[in-house]
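Me: I'd like to learn how to read a protein model feature by feature. Could you take me through one?

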Amino acid sequence: MHAVVISEPGGPEVLQWTEVEDPRPGPGEVLIEVAAAGVNRADMMQRQGLYPPPPGAPPYPGLECSGTVAALGDGVTQWHIGDEVCALLSGGGYAEQVAVPAGQLLPIPKTTTLLEAASLPETLCTVYANVFLGARLEVGETLLIHGGGSGIGTMAIQLAKHFGARVAVTAGSESKLDACRELGADITINYREDDFVESLMEATDGHGADVILDIIGASYLARNIAALAPDGRIANIGMQQGRKAELDFGALMAKRGAITSTSLRARPSSQKASIVAAVAENVWPVVDSGVIRPVIDTELPMMDAAEAHRIMTASSHMGKIVLRAKSRSTPDSV
């Protein structure tokens, strides 16, 4: 088969579409003929040599995909050859085929195309695991989402609104804020023009955010604590602006606040399967009905993965970038 190989750590140009060994499903695994793969910032970190795949995972980037079941490993009974699925991966989505534990698959929603479904598993599992299972967002609480225009942000807005929360977002342009409002955001803050702490406090009459979904990391730590409501929870899932910061425990204690910082990729397969099962039970019916839909900004051929990474680096996109897989006869070129 063909896959996007990282020739060496570096910029987008190191992504090469080339022929590699075919994967085989092990016991409890399913082989997927990939139709499309979602692009995530973790893929960019892996390309740069900053986020290696966990042991046993394919070396190619790609944490989510959609496609058709092509083969079953021993012991798999819940899926059948020909089923259309999407999957949460530990890696390997930028390829024509990938093997994945059967517990990390979801059926294609009735209201999405096969290609659109590639944008769902990593995004929905990340949001649900961190905002609802981890930070325990409740009806009537306020959720602050940093990066409202991202794939994570667009899904978090929709999920939080559906489950009865008030949603605040930050984004860097008025066009992105307009799109966030269309998705249901109640409070929109241009972080390039306004201090998000002051704006949020004004909009919430001094209450702040009960939960903050943070993709920024170190540079936002102090301000996130300042923006917290009493008994608030910060769910950190990214380090776009640094991994080390000084923590003022006094400020955190004054809010009776809590901080969690998690990665989905490094979790054992049993934990991933548990999260996928929770998403299947609590979120998938809403996606199936069309109430929550993926927001796709750009579709590109998988062999153009380098261009997809350039678009993501520029942060000009709204929602997800998706790579379409090519046929098995695709030539060895980029």
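Me: Before that, what should I know about the numbers?

Reply: This is a predicted model, where local features need pLDDT of at least 70 and side-chain atom pairs count only at pLDDT 80 or more, while totals for chains, interfaces and linings use all residues. Residues are numbered from 1 along each chain as its sequence is written, and side-chain values use heavy atoms, with hydrogens and water left out.

Me: How many helices and strands does the chain have?

Reply: Helices (H or I, at least four residues) and strands (E, at least two) are DSSP runs, numbered from the N terminus. The chain has 11 helices and 15 strands.

Me: What does the radius of gyration say about the chain?

Reply: The radius is taken over C-alpha atoms, and the globule rule is 2.2 Å times the number of residues to the power 0.38. For 334 residues that rule puts a compact globule near 20 Å, and the chain agrees because its own value is 20 Å. Along the principal axes, the C-alpha trace spans about 60 × 40 × 35 Å.

Me: And what share of the residues is buried?

Reply: Buried means under 20% relative accessible area, exposed means over 50%, and partly exposed is in between (1.4 Å probe, protein chains only). Here, buried residues make up 54% of the 334. Among contacts between residues at least 6 apart in sequence, 68% join residues at least 24 apart.

Me: Now the largest pocket: what is its volume?

Reply: On a 1 Å grid over the protein atoms alone, a pocket is an open set of points where a 1.4 Å probe fits, with protein on both sides within 12 Å along at least five of seven lines; lining residues have an atom within 4 Å of a point. Grid points are joined across faces, edges and corners, and the volume is the space filled by probe spheres set on the points. The largest pocket comes to about 1,000 Å³.

Me: Which residues lie nearest its centre?

Reply: Arg-41, Ala-42, Met-45, Ile-237 and Gly-238 do, out of 36 lining residues. The elements that give two or more residues to that lining are α1 (41-47), α3 (121-134), α4 (151-162) and α11 (305-314). α1 gives the most, with 5 residues. For classes, Ala, Val, Leu, Ile, Met, Phe, Trp, Tyr, Cys and Pro count as nonpolar, Asp, Glu, Lys and Arg as charged, and the others, Gly among them, as polar. That makes 13 nonpolar, 17 polar and 6 charged residues in the lining.

Me: Let's stay with α11. Which of its residues are buried?

Reply: An α-helix has 3.6 residues a turn, so residues three or four places apart point the same way. In α11, the buried ones are Ala-305, Ala-306, Ala-308, His-309, Ile-311 and Met-312. They pack against β1 (2-6), β2 (15-19), α1, β14 (296-301) and β15 (320-324). After α11 comes Ser-315, with a positive phi near 55°.

Technical notes: Contact = heavy atoms within 4.5 Å.
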